[in-house]
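Good morning. I will go through one model today, starting with a pair of charged side chains and ending with a sheet.

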Amino acid sequence: MILSRYTLKNILSDHVVVPDEALFDLPEKVLQFGTGVFLRGLPDYFIDKANRQGVFNGRIVVVESDLKGDTAAFKKQDSLYTLCVRDQVNGEKVEENIINSSISRVLDAQTEWKQVLDCAHNSNIQIIVSYTTEVGIKLVQEDILRHPPASFPGKLLAFLYERFLAFGGSERSGLVIVPTELISNNSHRLESIVLELAHLNGLEDNFIEWLENHNHFCNSIVDRIVPGHPEAGERERLEVALGYTDRLITVSEAYKLWAIEGDEKVKACLSFAQADENVVITSNIDLYRELKLRLLNGTHTLCSGLAFLSGFDSVSEAMGDEAFSSIIEKLMLDELAMAIPYPANHQDIFAFGEKTLERFRNPYIQHRWINITAQYSSKMKMRCTPALLHYYQQQETVPEVFALGFAAYLYFMKAIKQLDGQFYGEWNGIAYQIQDDQAEVFCKRWNSLSVEELVGEVLRDKAYWGAELNRLPGFQEAVTEKLNTIVHHGAREAINAVYSKKEVTV
């Protein structure tokens with residue numbers, strides 16, 4: 001039996017929360033750009049929870065804008081999916097299965113753009129949410145009247161312009177726009193691009209005035225580990241227990257946070273926050289952002305290539321290794337905690353770090369390191385470089401684990417073949433895909449430069465990093481040494497050298 005609106009009545013399992021039929025009649029209030037597992041595991045979770053409590057009472061129209069995306073499963077399952085929460089909190093097992101009915105429909109931007117623009121005419125639509133990854137919020141100089149525009153900011157501007165025309169630029173037609181991309185001041189960045197794109201397209205002054213004065217772009221930070229689809233064996237066990245098949249089944253940890261920067265007007269619009277204390281709407285979210293971005297995301301990024309090249313498949317598996325878990329703890333609590341570019345109480349930082357380490361040890365979540373390496377370069381730039389620069393403002397020593405993580409990043413980016421425009425590295429005789437905008441750049445570097453030359457060229461790239469990282473005392477030397485160790489002896493030996501503080505002769 002396939003999960004759908006019409007098979008809900010046949011689900012007899014006591015292990016799953018089934019939505020009430022009345023929830024399908026709720027009006028569409030949210031437009032969401034993105035169909036990924038993270039959105040399903042956090043924003044859509046909160047909205048579904050609020051609907052079940054009779055608080056928000058609105059559903060989500062989702063726009064699939066990825067050319068590789070597939071809306072077929074959503075259409076086949078009436079946009080229903082099961083969220084499986086799996087965790088161990090304070091030694092207690094947490095297990096919860098919820099059929100989420102927050103999504104009303106999923107539209108393909110490539111083939112259903114007119115239907116997307118039609119949503120701009122719906123007065124019930126009040127909120128726009130997005131997750132298009134760190135590389136999604138970028139300026140592409142394009143005609144926003146194309147069907148559809150290529151970039152996410154282009155699509156957003158086209159929708160807002162359609163909204164402006166549909167309601168004559170009325171104050172009440174303005175929207176609350178909440179991007180969840182993991183970049184600092186995500187809404188400020190998005191708003192500036194949208195405004196620049198509006199000027200490049202020669203849109204009228206009264207539209208730009210409406211855009212600036214009657215729409216609320218809200219910075220936000222999201223925090224929940226959502227590895228997504230369960231492994232094949234676990235999926236089979238789940239579907240047997242639940243009594244139905246679900247192509248969209250999504251796994252997440254129990255921890256959750258959505259911090260949104262906004263005033264009372266924003267809070268009134270985002271009424272789903274009333275259903276869960278972990279949706280925080282406040283005037284300043286800087287501390288939430290910095291703790292999460294540096295300690296959790298920064299640690300993930302700096303350890304992803306290192307763990308993968310050491311043969312660890314998942315985060316929890318790596319945490320079971322004494323040397324690697326020690327490396328992670330040292331990076332997070334001794335280096336990144338000292339480098340948060342925001343004034344914070346040390347006890348708050350340490351408490352967040354300890355909680356994050358507990359989350360990393362969750363045995364029920366298979367958060368794969370290879371997935372964390374997606375868009376490795378942009379994550380390194382956005383999440384880690386600011387912390388590195390701030391570390392050097394505070395300390396006079398080289399952050400050894402940071403240097404090790406950066407060296408592993410450089411080695412991971414070494415492509416050994418190119419196929420159909422995709423670049424592949426190799427570890428232990430097995431090819432892996434390098435899903436990174438800088439893959440071609442690194443392929444050329446590795447083919448033409450020595451290790452020493454490559455490290456120097458990468459660290460000197462001020463245009464990319466925003467700073468000359470080679471000027472940081474001792475950092476280039478440390479990265480070069482550790483990269484040579486990885487090249488000649490492997491990632492495990494590089495880890496052991498830092499763990500035991502022994503010297504390795506190349």
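Lys-444 is exposed, at 53% relative accessibility; on this scale, buried is under 20% relative accessible area, exposed is over 50%, and partly exposed is in between, with a 1.4 Å probe and protein chains only. This is a predicted model, in which local features need pLDDT of at least 70 and side-chain atom pairs count only at pLDDT 80 or more, while totals for chains, interfaces and linings use all residues. Residues are numbered from 1 along each chain as its sequence is written, and side-chain values use heavy atoms, leaving out hydrogens and water.

Back to Lys-444. Its side chain meets that of Glu-440 in a salt bridge, 3.8 Å from N to O. A salt bridge here is a side-chain nitrogen of Lys or Arg within 4 Å of a carboxyl oxygen of Asp or Glu. Helices are DSSP runs of H or I with at least four residues, strands are runs of E with at least two, and both are numbered from the N terminus. Glu-440 is partly exposed, at 44%.

By this rule the model has 23 salt bridges. One of them joins Asp-313 and Arg-368, at 3.2 Å from N to O. Asp-313 sits in the loop between α10 (286-309) and α11 (315-319), and Arg-368 in the loop between α13 (346-360) and α14 (369-372), so this pair ties together parts 55 residues apart in sequence.

Another joins Asp-321 and Arg-492, with the closest N and O atoms 3.6 Å apart. Asp-321 is in the loop between α11 and α12 (322-336) and Arg-492 is in helix α21 (residues 491-500), so parts 171 residues apart in sequence are tied together.

Now a lysine without such a partner. Is Lys-29 buried or exposed? Lys-29 is buried and has no salt bridge; the nearest side chain of opposite charge, Glu-28, is 12 Å away. For charge, Lys and Arg count as positive, Asp and Glu as negative, and His and the chain ends are not counted. A polar atom of the Lys-29 side chain does lie 2.9 Å from the backbone oxygen of Phe-56.

Lys-29 is in strand β1, residues 28-33. That strand belongs to an open sheet of six, in the order β5-β2-β1-β6-β7-β8, with parallel pairing; two strands pair if DSSP finds at least two bridges between them. The edge strands, β5 (103-108) and β8 (216-217), each pair on one side only.

Definitions and conventions: Polar contact = N/O pair within 3.5 Å; in protein donor to acceptor, adjacent residues only side chain to side chain.
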